[in-house]
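Here are my notes on the model you asked me to look over. Keep the viewer open while you go through the points.

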Amino acid sequence: MSKTRILIIDDHQLLSSGLAMLLCAEKDLEVTGQADRPETALRLAEEQQPDILLLDISLPGRSGLDLLPELLARSPQSRVIMMTMHEEQQYLKKAIEGGAKGFVLKKGGGTDLMYAIRAVMQGDTYIQPSMLADFIKTGEESSEGSPENLSEDEQRWRMLSQREQQIVLGVAKGYTSREMAEGIFLSEKTVATYRSRAMTKLGFESRADLVEFVLRLRKIDI
Amino acid sequence: MPVALISVPAFFRQAVRRVRSVLLSVPLKLKILGLALALILLFGAVTIYKVQAALSENFDAFLQEESRFVATELSYQSHDYLLINDMYGLTQMLRNTVQNRPDLRYVFVRNAEGQVVAHTFEGGFPGDLLEKISGLSPQRSEPRLLRTNEGSIWEAEAGISNGNEGAVVAGVKGDSLRRQIGVITRSLARTTLLVAIFGALLSLGLTWLITRPVTRLLEATRAVRRGDYSVRLDPAESRDELGKLMEGFNAMVGSLVIAEKARLGKEYLQRDFLHRVMAGQEGERKRIARELHDQTGQALASFMVDLKVLENAQSVNDRGQGITRLRKAITEEMEAIHDLAVALRPTVLDDLGLVPAVEMLARNFEKRHRIQVRLNFLGFLDRRLELCLETCVYRIIQEALTNIVKHAQATEVTIFLEGGEKTLRGGVEDNGRGFEPENIDQAKHMGIYGMRERIQLLGGSFHIDSDKGIGAMISFEIPIKQEKCHE
């Protein structure tokens, strides 16, 4: 069985050589190169067509996330494992969107990396366990209220609080602030504040804009 | 020729321009004085000229008539004297007449032979007059004008008894009339002069009245230029246009004072803000230094000790436990450093942009403070904006969240951002207890002042919309295109 060929892309020499030592100690792994700059990384990836690309996010001049699609274009067979200090979900999301198969935190030391390489080589995706829970949660959130699936007007409508939605509908129907204030037991000034806030959020300047918006949304009938 | 045609109007134009420039350069006082004097003198001169002309026109006619009348009158009286040949009486009579009539220069009587028999000349009959005597004419002849060394004299001759017995010749010089004209002229001239003096005094008084407020205004303007805003003019001093000007001046100084006060206030705030920013920066550095020294440094030192312990470890078991402990400690330390770095500057902002950075901020905020954050992003997708703009908006949202934790007692926060074509709009709203924006003391709440400053630096606008009981909303709108981006 041939060894899994790995290219390490990280600008920290110490870490990079440490990892290389760690990986080389494994019988089935082989580090074919270490790149500390984006240009070198692109060149080596193209030359070597490695099985695994270990990619750091913070690189000099360019983010590893930026580099990801380009690396995959040059070496399409490679599987990319992001290896980073950043624990923020946003990086993880972006990395997976960009085509990474693994996401490992540097602070985990070598252990997680080994798991990741093995999993990825078997065709799985590996995500640092400590980040997985949050990742699944964000995934649920975005599928539930996915902004991409909604029209711009719907998204705007969702910006408004319930009170604001109520007041906007009232305004669109032609009620005055006083009438609304009496209807929902608020002071007239409060109603006016909600109204002006809703207008600010929606970016409208006149009542006509508001009415048109509400009509487009079909929240009221003409 | 064409040259001449062009140069003449050019010359006039030049002359007019020169006169104009001279008139403009002369002080107001002299202008009014000059105008008054010129008018008075012109009027006086015209009057004198007109009077003279009118008098002179009648003067000769009068003298002719006078000479004719005197000659005729005397011809009747002389008749008797000639009859009795009383030449002495005749001469006396003639002399009396000359004395009584101031215009009459001389009279003489000729007999039928043409010889002069009586005359009024003191020193004998002048020879050259004798030469001019014509022959006797039977009828009364028209008066004639004699040019003598004493001046023009109208001479008329009247025959005695139709000229049969001689003739009376009367010469009228009109001295007294001329004197009278002179008297009138002089008196007119004197009057003109008096009026001119009076007019000059009057115009000086008038100019004083006019220029005094102007001088006041000038002095006041100078005072204001020196920075003395306490000057005020009394418009009651002159209730005309200048009074209005003074009122306007007072109003102007008034608004200058207000503007100056506002400027000073703003300057104070700015300086205060700068101080606080600098103090804040220094505090932050102090905190980082302490953190690095006390926390990171100590941790590294403890790692060294642990490594030493590992080196000396006897059993495999001890070594394994030591390694596990060390790994845990290092992991903790890495987290601490990471948190410190993120607090200073979230790399997400640089690497991924505003929206992921705000998402991260919001998630961390939710975890730490148990306040729900609703996020609304519109028109971004993977769009990146100028870094200074992203930093500005990030820091504003950060500041707003800090304020909400400190003051609002909110349970829900809404953050919205909309990236348009030309502007970036956004805001942070909470459902806390709210406040009245008018009652915010800017000096105490540098947070709000800082937000406003940041946004104004990028040419944007900032609003606070809040009321007691219904939470607060800060909102902003910043141009996407930034000319200067210092980041």
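1. Ground rules first. Helices (H or I, at least four residues) and strands (E, at least two) are DSSP runs, numbered from the N terminus. This is a predicted model, where local features need pLDDT of at least 70 and side-chain atom pairs count only at pLDDT 80 or more, while totals for chains, interfaces and linings use all residues. Residues are numbered from 1 along each chain as its sequence is written, chains are lettered from A and ligands numbered from 1 in the order in which they are written, and side-chain values use heavy atoms, with hydrogens and water left out.

2. Start with helix 5 of chain A. Within the helix, which covers residues 111-121, the buried residues are A:Asp112, A:Leu113, A:Met114, A:Ala116, A:Ile117, A:Ala119 and A:Val120. For burial, the cut-offs are under 20% relative accessible area for buried, over 50% for exposed, and partly exposed in between (1.4 Å probe, protein chains only). As background, an α-helix has 3.6 residues a turn, so residues three or four places apart point the same way.

3. A:Gln49 has a phi of about 45° and lies in the loop between helix 2 (38-48) and strand 3 (52-56) of chain A. A:Gln49 is partly exposed, at 30% relative accessible area. For A:Phe185 the phi is near 55°, and this residue is in the loop between helix 9 (177-183) and helix 10 (188-202) of chain A. A:Phe185 is exposed, with a relative accessible area of 75%.

4. Where does chain A meet chain B around A:Gln90? Leaving aside residues up to four places away in sequence, A:Gln90 touches B:Val348, B:Leu352, B:Pro356, B:Glu359 and B:Met360 (contact means heavy atoms within 4.5 Å). A:Gln90 belongs to helix 4 (residues 89-97) of chain A and is buried, at 10% relative accessible area.

5. Now the aromatics. Over all chains, the search turns up six aromatic pairs. The rings of Phe, Tyr and Trp (its six-membered ring) pair if their centres lie within 6.5 Å; planes under 30 degrees apart count as stacked, over 60 as edge-to-face and the rest as tilted. B:Tyr106 and B:Phe108 are a stacked pair, because their ring centres are 6.0 Å apart and their planes are at 15°. Both B:Tyr106 and B:Phe108 are buried.

6. B:Tyr106 has another partner. With B:Phe121 it makes a tilted pair, 4.9 Å centre to centre and 35° between the planes. B:Tyr106 sits in strand 1 (residues 104-111) of chain B and B:Phe121 in the loop between strand 2 (116-119) and helix 4 (127-132) of chain B, so this pair ties together parts 15 residues apart in sequence. B:Phe121 is buried, as is B:Tyr106.

7. In chain A, ring pairs link A:Trp157, A:Phe204 and A:Phe213 into a cluster. In chain B, the charged end of B:Arg212 sits over the ring of B:Trp208, 4.7 Å from its centre. That call needs NZ of Lys or CZ of Arg within 6 Å of the ring centre and within 35 degrees of the ring normal.

8. How many disulfides are there over all chains? The count is zero, taking a disulfide as a pair of cysteine sulfur atoms within 2.5 Å. For B:Cys392, the closest cysteine sulfur is in B:Cys388, 7.9 Å away and too far for a bond. B:Cys392 is buried, at 4% relative accessible area, whereas A:Cys24 is partly exposed, at 44%.

9. Last, the domains, with bounds from an automatic or database domain assignment. Chain B is split into domain 1 (35-228), domain 2 (243-344) and domain 3 (346-487). The C-alpha centres of domain 1 and domain 2 of chain B are 114 Å apart. Chain A has domain 1 (4-142) and domain 2 (150-214), with C-alpha centres 49 Å apart.
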